[in-house]
Amino acid sequence: MSKTALIVGVAGQDGSYLSELLLSKGYNVHGIVRRNSVSENQDSRIRGMGITTHYGDILDTPSLIRIFREVNPDEVYNLGAQSHVRISFDIPEFTIKTNGLGVLNILEACRALGNPNLKIYQASSSEMFGNTVDDDNYQRKSTPMNPTSPYGCAKVLGYNLVRHYRTAYNMHACNGILFNHESPRRGTNFVTNKIIKGAVEIKKGLRNELALGNLEAYRDWGHSKDYVRAMHLILNAEKPDDWVVATGQSRSIRDMCEVTFNLLGMDYKDYVTTDAKYMRPHELNYLRGDSSEIREKLGWKPEYTFESMVGEMVNHWMEKL
Ligand code: GDD
């Protein structure tokens, strides 16, 4: 009999790739979407895919209880969040509620189902580490968490709740500590797609410059398609645990500009400016993840390289614009 998955936050980048992956594996896929005043925006990434959507919200426990009962899932993936770190400084209370208490609501809705075989995946984040780096310049599961944003603080709460429910109630609840992951479906206010879309617009004569914030931060960037494969592996490992998913390579925002503009035959220095409004009150300077555990124990490895990912994103915008 085919399994049923319920994806909370299905309308986002990862939700859409995860839906495709699970459908290809024969799952019945259900997803929770939030009401949005522009109805086209609600499901633009997942329209026509063949999944069943439900209106709900992780801060609306009655909606969760109703949907969880109706769907009776085998696997729950919580990808629902206020996912923008910079914006979390502007709306800290909403972010803490959604990304922290929202996880509690999901765990309680799962517990109320009373199914001992139910598996729960929580989208935890490398933002939880803040500026802590081990001596060998990597972050891993044992690296102390010192978040530098309301987003990161809330994610630490969600992470700890999952660990707590796993122990206290013997639930199959897992954290994937995912480092940054991108794709053509990434929101255009995240730095990779902002740079790539902006550079293509400049190439096509649609604009003259691109204003960014801090160019000296480093990120470990992978591809969302590779990372949703990791989510499924994590949930289906024999024992529930927490796992780091990363490429192990770190590059600066400046590097990202250089690679992108070079691909388009331009020099980023002629077009990129900086604007204080994109700076953060507290910056996370450097991310580089050690994912050796998931590679060794679960056989995960990324198929995309940094270059093939950027190339795919550039081609996407060249065709679209
Ligand atoms: N968004 C944005 N816009 N970031 C900029 C800009 C800009 O104009 N200019 C420089 N940056 C820098 C940010 O200061 C940050 O250091 C870096 O680019 C990456 O920013 P984002 O792409 O917004 O991602 P993020 O690292 O803050 O957060 C993403 O990764 C986390 C995992 O570490 C998000 O996907 C989070 O949801 C995720 O948990």
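A polar contact here means a pair of N or O atoms within 3.5 Å. Keep in mind that this is a predicted model.

With that cut-off in hand, look at serine 125: an N or O atom in its side chain is 2.6 Å from an oxygen atom of the ligand. Arginine 280 also has a polar side-chain atom by a ligand oxygen, at 2.5 Å, and for lysine 194 the value is 2.7 Å. How much of the ligand does the protein bury? On its own the ligand exposes 720 Å², and the protein buries 96% of that.

So who else is in the neighbourhood? There are 24 residues around the ligand, and Ser125, Ser126, Tyr151, Arg280 and Glu283 come nearest. Sorted by class, that shell has ten nonpolar, eight polar and six charged residues.

Now for the helices. Two packed pairs are set out here:

| Helix pair | Angle | Axis separation |
|---|---|---|
| Helix 3 (residues 61-71) and helix 5 (residues 92-113) | about 40° | 9 Å |
| Helix 7 (residues 191-203) and helix 11 (residues 306-320) | about 45° | 9 Å |

How do helix 7 and helix 11 lie relative to each other? At an angle of about 45°, they are oblique to each other, and helix 7 passes helix 11 in a right-handed crossing.

Then there's helix 3, which packs on helix 5 at about 40°, and that makes helix 3 oblique to helix 5. The crossing of helix 3 past helix 5 is right-handed.

Methods:
Residues numbered from 1 in each chain as written. Predicted model: local features only at pLDDT ≥ 70, side-chain atom pairs only at ≥ 80, totals over all residues. Heavy atoms only, no water. Near = heavy atom within 4 Å. Polar contact = N/O pair within 3.5 Å; in protein donor to acceptor, adjacent residues only side chain to side chain. Areas by Shrake-Rupley, 256 points an atom, 1.4 Å probe, with all protein chains shown as cover. Nonpolar A, V, L, I, M, F, W, Y, C, P; charged D, E, K, R; others polar. Axes fitted to C-alpha atoms, helices over the stretch in contact; angles between N-to-C directions. Helix = DSSP H or I, 4+ residues; strand = E, 2+ residues; numbered from the N terminus. Parallel < 35°, antiparallel > 145°, perpendicular 65-115°, else oblique. Left-handed = near helix turned anticlockwise from the far one by under 90°.
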